Amino acid sequence: AVSSARVGRALAAPVHAARAALALQDFDLQTARRSLDQALAIDPQCLPAHQLRTDALLAELRMDEAIAALEAARRLNPVDESTLGRLAAAYAAADGLGDNVPDSRFARLVGEVTGRNPQCGEFFGALADGLDRMRRYPDAARHYREAERRMPQLLYTRGQLGLLQMRLGDEAEARRLLDQSFRDDPFNVRVRNQLEVLDVLQA
């Protein structure tokens with residue numbers, strides 16, 4: 001019975017993390033933090049909860065805290081590309097992108113990950129997500145495209161880029177990308193809702 005209870009608690013941590021992810025999509029940071037606190041109280045090594053906590057920190061531009069949290073998450077899994085992509089986004093915000101600072105922490109981390117896995121689409125997708133949260137939209141768009149180039153089978157990247165193009169005011173490109181994304185994944189609620197908005201705007 002004790003073992004079953006422990007298993008149940010361990011399974012509950014990802015559930016709380018999933019609730020936090022939904023809250024972050026709606027920019028409900030208070031609910032997200034509460035769910036993440038619950039997840040980490042149950043399982044202090046729940047990697048998705050650590051990653052989502054840094055998403056909230058990135059959205060609030062709390063770079064020092066985000067970097068510290070991500071470096072701690074990296075110790076849980078040193079090669080997890082979702083963690084490393086977020087860390088690259090935080091480094092980019094703190095130090096500048098590698099195009100301008102070739103020996104920055106950002107450039108070194110990108111070199112490390114691409115050297116280990118040239119098809120590291122998940123890394124570039126997480127990097128783009130982080131830049132998107134920090135409202136660095138042109139940089140985010142560039143890295144979403146890089147994620148798709150390196151791993152075309154990623155379903156979410158094209159939809160994220162389409163949503164981003166809406167924020168950049170390019171409705172034609174947004175429509176093209178969102179239509180493609182919806183064909184690939186008709187269950188993506190955010191993509192479907194944005195297509196409905198475009199239908200209204202273009203009526």
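Predicted model: local features only at pLDDT ≥ 70, side-chain atom pairs only at ≥ 80, totals over all residues.
Local features need pLDDT of at least 70 and side-chain atom pairs count only at pLDDT 80 or more, while totals for chains, interfaces and linings use all residues. Residues are numbered from 1 along each chain as its sequence is written, and side-chain values use heavy atoms, leaving out hydrogens and water.

Let's start with helix 9, residues 156–167. Its 12 residues reach 17 Å from first C-alpha to last, close to the 16 Å expected at 1.5 Å a residue (the expected span is 1.5 Å times one less than the number of residues; helices are DSSP runs of H or I, at least four residues, numbered from the N terminus). Helix 9 is mostly covered, with 10 of its 12 residues buried (under 20% relative accessible area, 1.4 Å probe, protein chains only). Among them are Arg158, Leu161, Leu164 and Met166. The buried residues pack against helices 7, 8, 10 and 11, where contact means heavy atoms within 4.5 Å. After helix 9 comes Gly169, with a positive phi near 85°.

Now for the rings. There is 1 aromatic pair, counting Phe, Tyr and Trp (its six-membered ring) with centres within 6.5 Å. Phe123 and Phe124 have ring centres 5.1 Å apart and planes at 80°, so they sit edge-to-face (over 60 degrees). Phe123 is buried at 0% relative accessibility, and Phe124 is buried at 4%.

Finally, take helix 3 (residues 47–59) and helix 5 (residues 81–95), whose axes come within 10 Å and cross at roughly 20°. The two are therefore roughly parallel (angles under 35 degrees). Their contact involves residues including Leu47 and Leu58 of helix 3 and Arg86 and Ala90 of helix 5.

Conventions
Buried < 20%, exposed > 50% of the residue type's maximum accessible area, 1.4 Å probe, protein only. Phe/Tyr/Trp six-rings, centres within 6.5 Å; stacked < 30°, edge-to-face > 60°. Axes fitted to C-alpha atoms, helices over the stretch in contact; angles between N-to-C directions. Parallel < 35°, antiparallel > 145°, perpendicular 65-115°, else oblique.
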